[in-house]
Each structure stands twice: as structure tokens, then as C-alpha cells.
Amino acid sequence: MLTVKDLPNLSGKKVIVRVDFNVPIKDGVIRDDNRIVAALPTIKELLSKNARVILMSHLGKVKHKLKDEDPAKFEKQIRDGNLAPVAARLSELLNKSVKFVNVTRGAELEGTVAALADGEVALIQNTRYEKGEEKNDAELSAYWAQFGDAFVMDAFGSAHRAHASTYGIPAILKEAGKPVAVGYLVEKEVANLTRCVTVAAEDRPYVAILGGLKVSDKIKVIESLLNKCDKILIGGAMAFTFLKALGYKTGTSPVEDDQLDYAKNCFLKANGKIVLPCDTVISDAFDPAERTTIQTVKIADIGDAFEGLDVGPETRKLFADEIAKAKMIFWNGPMGVFEQEEFQKGTLAVCEAIAANSKAFTVCGGGDSAAAVKQFGYKDKFSHVSTGGGASLEMIENDGHLPGIDVIR
Ligand code: ADP
Ligand code: MG
């Protein structure tokens, strides 16, 4: 797999770079520019090679069927998806002018690209303004691909989607014999996540920690990790589906009844590898305004009118002991409702235990779990915190394969 570093001097060459500039924007103001900062090493590398850099990204969701069904809502999506503030921020970060192309097709785009000089940067408007983007439309892919003499994939957060800008363009350029490569961000993500799926002997014991909301969202991750890990610690809401499947009363805890058979079979098949909570922090209401009590109980003692919202102290200790023994750790999914202060302890305990195990290779992947790690100030304690929520999980599920990366390979 070529990386951006392997590309030769690119004087006179136009390089299309798919970046992930899907940043949170409110009222035209960028709330967190991490993703823009994360793309800088690749952009700078290309500039040092004298390339003419054409950046493409999506921003937010655009549902094209709303165009007829609810034109006002459609227009709002288009306004919210405007990449103009990103171009301005990128220009500040690069200390260099960035030509913003406020369209995804036509004369303005074609003119800007044709006039681009060596070492100049253009950012094209939101790829999802095009209906064909998410469909990997052949005509759209070919239209965009004509602008590039090379392609660099650096949008890890979009690499699990085979869209026109993530798959169609590189497939066409590769077919035409033009260089396609991954950028620094994707290279780092692939290296770290691949280590979690092709497990070396020195990385054992390998412990996975799974939590979050739904078993059904994570079945493929569980299956993949069951084959690779030595222990799987399960917390979060997900644990209650397993506990109910094993005959425990789970009160009003979120349980997926259609996954009970799966959970039971999975637990038996795992043959002792799966570790479930032994105690839990329960409440009579999820909503703090309606809440009258919070209690810590053994798993066997959850009352009918109560739901488990975090793992309890004995479970935190049990999980921390397993984490302390591990040589490699992959973590996805919070242990409790970490958005509420009363139910942060389980997720914090995992952060602390991982931080305390300085010998292990430690990776966190998943949107909410990575957000929790950052919120609690533990990002630097991990070997790697993935920038791609869905993409990092699919990477684990598919043994290191993602469409947007395989096409480069
Ligand atoms: P990730 O994005 O890391 O893959 P998920 O999206 O699967 O994680 O789950 C995150 C959500 O799970 C959080 O919003 C958290 O509040 C919720 N959650 C975790 N434990 C519980 C619980 N016991 N009851 C209800 N929600 C929970
Ligand atoms: Mg999530």
C-alpha cells in the first residue's frame, strides 16, 4: 500500500485528497477543529512535494429525498453542510490561502482546478450536495476523477463507506494507472487497528472491553473479538441482554429481547472468555428530573422498577484486575450512562485501569467511547484513540478491511 510519503515530486500534478472535515459547526462557527488539524500532516507533505492539492470532504448528512418531500428541511441541510467555514479555518492553520469552490460541479470548479498552481490548495464544497456521492455513482466518480493525476485517501472516518469520493474516484484513477495512496492519518489508524485484529503472541493476554447501548449493533464486533481475544469484559446497557439471557432479572434495564438467544449462545460458546458485571448502579428513572433514588446492588438483586445505568464497584475492580493483566486492550463502548455524572464511575474506572497498565498496547475505538476518553482527559494515556467511530468498529469486524482502504491496497 502506497503512502503519501512514497509519492515522488508532484510538480505540475493535481492530487485529489479525500479528507474528513466533518466537523461540528454551529451558527457558522466550528466547535472542534480536531479533524482539520489531523489532516494537516498529509496536506503539508503534498505541498512540500509541490503538488496542486484538491481537497474533498463531506459535512453532515444530506437526505436528497427531502428535496421534494420537505424543501425547507432540505435547504437547512444544505446550509448546515456548507464547508466555507472549514476553508477559512484551514487557511489559518496552513497560513496560506485556500481556494474555496462553492460548488461540486461546473464552470467554477473546472476553472479553479485548471488555474491551480504548484503548491496551491483548493477545497471543493460538500461532496454530499451531490445525490450520486453516497451511491458511488459512476458518472459522478468519473467527473471528479478527471481532475486528479493522483489520489490520497486520508478520511479514515469515511473509509467504511464505498462512496464516489472515497471509492469511485480512486478506483477509476488506479485503473488508469495513476498513483493512489493513503495519507498519514489513515496509515496510523490502519497500523494500530490492524494490530488488534492480527494478534501477535507478545500481545497476549489480549483483553477486549465492550459496552454501549445495543448488542445488535455490536454482534459482528463480538464475533470477531471472540475469535481473537483471551477475555471479553462486557459492561454498558449491552450487558443486561446477556444477563437476562442467563436468567437474571434485569428490571427496566434496556434489554433487546430479540437478541436473547444470540447472547446465550454466544456466552456459552465463549467458554469462560466473557466476563459480565456482578453488581450495578441502579435507579428508578433514566431522566434525572424523575429520579427519586440511586442504589448499588448485586446483579441478582435488581428490582422490577429499576434499571442499571452503570457497573458497580465490584465489577469495576473485577474489570480493572483483568485490564492490569493484559498486554493488549481494545475498548469500545462506555460502561454506563457517562453523560450523567452519577453514572461515570464505570467508564472512568476503565480509563484509569488502562492508564495504569503502561506495558499494554491500548486502543479505544467508537464514537461515544472515544468522546468519553477525551472528556475525562485520558487520551494521552492510550496508545491510540481512533478518530473514526463507525470505521474503527468495522475495521475490527472485517479483520482490518474497509472499502476505502482496500481500494488503495
Ligand atoms: P460507541 O459510540 O462508543 O460505539 P455506543 O454508541 O454503542 O458506543 O453506546 C454509547 C451509549 O450507550 C452512551 O450514550 C451511553 O449513555 C449508553 N449507555 C451505556 N450504558 C448504558 C446503560 N446502562 N443504560 C443506558 N444507556 C447506556
Ligand atoms: Mg455511538
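**Ligand 1 and its surroundings**

I began with polar contacts (pairs of N or O atoms within 3.5 Å). A nitrogen atom of ligand 1 lies 3.2 Å from a polar backbone atom of A237. An oxygen atom of ligand 1 is 2.5 Å from an N or O atom in the E339 side chain, and an oxygen atom of the ligand is 3.4 Å from a polar backbone atom of G367. I then looked up the cover: of the 590 Å² of accessible area that ligand 1 has on its own, the protein covers 87% (Shrake-Rupley method, 1.4 Å probe).

This is a predicted model, in which local features need pLDDT of at least 70, side-chain atom pairs count only at pLDDT 80 or more, and totals for chains, interfaces and linings use all residues. Residues are numbered from 1 along each chain as written, chains are lettered from A and ligands numbered from 1 in the order written, and side-chain values use heavy atoms, without hydrogens and water.

Next I listed the shell, taking a residue as near if one of its heavy atoms lies within 4 Å. I found 18 residues around ligand 1, the closest being K218, N332, E339, D368 and S369. The largest share, 3 residues, comes from α14 (a helix is a DSSP run, H or I, of at least four residues; a strand, E, of at least two).

**The sheet**

I traced 6 strands in an open, parallel sheet, ordered β11-β10-β9-β15-β16-β17 (strands pair if DSSP finds at least two bridges between them). β11 and β17 stand at the edges with a single partner strand each, so one side of each has no neighbour in the sheet.

Technical notes: A polar contact is a pair of N or O atoms within 3.5 Å; within protein, one must be able to donate a hydrogen and the other to accept it, and residues adjacent in sequence count only if both atoms are side-chain atoms.
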